[in-house]
Amino acid sequence: MGCFGFLKTMMVFFNGIIFLAGAAILGVGIWIKVDSGSILSFLGKIEGAPEELSQVLNVGYLLIAIGALLLVIGFLGCCGAVKESKCMLLLFFIIVLVVFIAEIAGAIVILVFRPLADELFTKFGTAAVKNIRKDYGKNPDVTGLWDTTMSTLKCCGFYNSSDFVGSPYYENNKQYPPLCCPGTDNPCNQSLADSATTITGCFPKIKQLIDENTVVIVGVALGIAALEICAMAVSMTLYCRIKSRRD
């Protein structure tokens with residue numbers, strides 16, 4: 001197998017993976033939009049939530065768009081290499097180039113508008129605490145969702161256990177949810193909740209997870225960028241070789 005055959009094989013292999021990944025992401029996006037009981041649907045119903053949150057709730061549409069785009073890229077890359085189609089390879093190169101430029105622009109926007117994101121999280125935190133104090137212990141859907149979130153993330157409330165003060169659950173039981181006092185069967189009162197130093201609010205927990213995995217996130221982003229550059233280089237190399245052979 002010569003260099004040309006090796007490039008074709010790699011092009012088909014990696015774009016086959018991209019095609020399957022696109023199908024998976026597309027499926028997740030469709031599931032999020034169809035599943036009315038998902039967490040995103042619930043967040044959209046939180047009373048007092050900032051209007052900007054509606055942009056975040058469109059993540060289902062975003063996943064559908066990304067999945068469809070990956071399907072198209074994977075199809076063009078595979079078929080373009082197998083059929084040695086200059087048109088498909090050129091279209092593949094253009095789409096990947098546009099995606100690469102969009103990613104760079106997106107990264108710049110995130111850096112520039114970081115303070116705006118912090119303000120949005122602050123507004124959402126206020127709305128989330130109000131939601132807990134209004135419905136936790138009274139609304140089964142709200143109570144179940146918060147219990148699942150706290151159990152999964154090993155956290156308590158949005159910021160801390162004080163978020164539950166004034167909630168129907170707290171008023172009826174004069175204690176915090178058991179998840180706020182892990183490792184004990186005693187009622188979760190103020191002193192136990194304050195002594196539970198191993199547990200924190202869900203928002204600080206998520207921020208901690210992101211901060212601890214910043215290197216991994218940056219590494220994945222750089223790896224994706226490198227793969228996109230390699231994909232563009234390989235597709236253009238195949239395009240030029242096919243064009244020279246036919247000429």
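Reader: What span should the 27 residues of H5 have at 1.5 Å a residue, and how do you know whether the helix agrees with it?

Author: This is a predicted model, and in it the 27 residues of H5 should span 39 Å at 1.5 Å a residue. The expected span is 1.5 Å times one less than the number of residues, and because the end C-alpha atoms of H5 are 39 Å apart, the helix agrees with that expectation. The buried residues of H5 are Leu-89, Phe-92, Ile-95, Val-96, Val-99 and Phe-100.

Reader: How far does H7 reach from its first C-alpha to its last, and what is expected at 1.5 Å a residue?

Author: H7 has 14 residues and reaches 20 Å from its first C-alpha to its last, which is close to the 20 Å expected at 1.5 Å a residue.

Reader: What makes you say that the buried residues of H7 line one face of the helix?

Author: The buried residues of H7 are Val-142, Thr-143, Leu-145, Trp-146, Thr-149 and Met-150. Seen down the axis of H7, these buried residues fall within an arc of 165°, and therefore they line one face of the helix. The face turned away from that buried side carries the exposed residues Pro-140, Asp-141 and Thr-152.

Reader: Which residue caps the N-terminal end of H7, and what distance goes with it?

Author: Asn-139 caps that end, with a side-chain oxygen that lies 2.9 Å from the backbone nitrogen of Asp-141.

Reader: Why is Lys-154 called exposed, and where does this residue lie?

Author: Lys-154 has its place in the loop between H7 and H8. A residue counts as exposed when its relative accessible area is over 50%, and Lys-154, at 54% relative accessibility, therefore counts as exposed. Its phi is near 55°, a positive value in a residue other than glycine.

Reader: Why is Glu-84 called buried?

Author: Glu-84 lies in the loop between helix H4 (59-82) and helix H5 (86-112). Buried means under 20% relative accessible area, and because Glu-84 has a relative accessible area of 17%, this residue is buried. The phi of Glu-84 is also positive, near 55°, in a residue other than glycine.

Reader: Is Arg-245 buried or exposed?

Author: Arg-245 is found in helix H11, and since the cut-off for exposed is over 50%, its relative accessible area of 52% makes Arg-245 exposed.

Reader: Which residues have the most contacts inside the largest nonpolar core?

Author: That core has 22 residues, and those with the most contacts inside it are Tyr-136, Trp-146, Phe-158, Phe-164 and Tyr-176. Two or more residues each come from helix H6 (114-135), helix H7 (140-153), helix H8 (168-173) and helix H10 (202-212), and H6 gives the most, with 4 residues. Apart from this core lies another, of 17 residues, among them Phe-92, Val-96, Val-99 and Met-232.

Reader: How many helices and strands does the protein have, and what part of it counts as buried?

Author: The protein has 11 helices and 0 strands, and of its 247 residues, 32% count as buried.

Notes. Residues numbered from 1 in each chain as written. Predicted model: local features only at pLDDT ≥ 70, side-chain atom pairs only at ≥ 80, totals over all residues. Heavy atoms only, no water. Core = buried A, V, L, I, M, F, W, Y, C linked by side-chain atoms within 4.5 Å. Buried < 20%, exposed > 50% of the residue type's maximum accessible area, 1.4 Å probe, protein only. Arc of directions from axis to C-beta. Polar contact = N/O pair within 3.5 Å; in protein donor to acceptor, adjacent residues only side chain to side chain.
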